[in-house]
Amino acid sequence: YEINCLDYNHGHSCHKAAGYRYFGKACQQDADKAFELFKKGCELGYHSSCLSAGILDCADGDSKTYTRKEKPNPKQGLEFYRKACEEGNNGEACHRYSAHFIKGMKGVCEKNMETAF
């Protein structure tokens, strides 16, 4: 999948390769590499990858289960959610995007019910 992603720019392959990388299925586990592959899949228009990249970028960087070396970037994560929602009609991405604006997130976004809905 990784070759098809990187050499042939196939977004769905990027998504599959990212999932394998994240969990270490048939390859070395690497959450940072997984994020980059999700990001590439998103850039190539595979909107499920936008959702996955958003989840990783909006994660709690202080959690014991957070395995990326790079700190999360919630502002960028919101953009991934927005793209998956607006361009890909991904219901979970729309829900997650809205949830951030319903409650607000310090340093990321203000509470804004109009944007949320």
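Trainee: Is Glu2 buried, partly exposed or exposed?

Mentor: In this predicted model, Glu2 is partly exposed, its relative accessible area being 22%.

Trainee: Which residue forms a salt bridge with Glu2, and how far apart are the closest N and O atoms?

Mentor: The general idea comes first. Side chains of opposite charge can pair when their charged atoms come close. Here the partner of Glu2 is Lys33, with 4.0 Å between the closest N and O atoms. Glu2 belongs to helix α1 (residues 2-8) and Lys33 to helix α3 (residues 31-43), so the pair links parts 31 residues apart in sequence. Lys33 is likewise partly exposed, at a relative accessible area of 27%.

Trainee: What does the salt bridge of Asp32 with Arg68 tie together?

Mentor: Those two residues have their closest N and O atoms 3.5 Å apart. Asp32 sits in helix α3, whereas Arg68 sits in the loop between α4 (47-57) and α5 (74-86), so parts that are 36 residues apart in sequence are tied together. Arg68 is buried, with a relative accessible area of 7%.

Trainee: Where do Arg82 and Glu79 lie, and what separates them?

Mentor: Both are in helix α5, three residues apart, which means a separation of about one helical turn. Arg82 is partly exposed at 22% relative accessibility, and Glu79 is partly exposed at 41%.

Note on methods
Residues numbered from 1 in each chain as written. Predicted model: local features only at pLDDT ≥ 70, side-chain atom pairs only at ≥ 80, totals over all residues. Heavy atoms only, no water. Salt bridge = Lys/Arg side-chain N within 4 Å of Asp/Glu carboxyl O. Helix = DSSP H or I, 4+ residues; strand = E, 2+ residues; numbered from the N terminus. Buried < 20%, exposed > 50% of the residue type's maximum accessible area, 1.4 Å probe, protein only.
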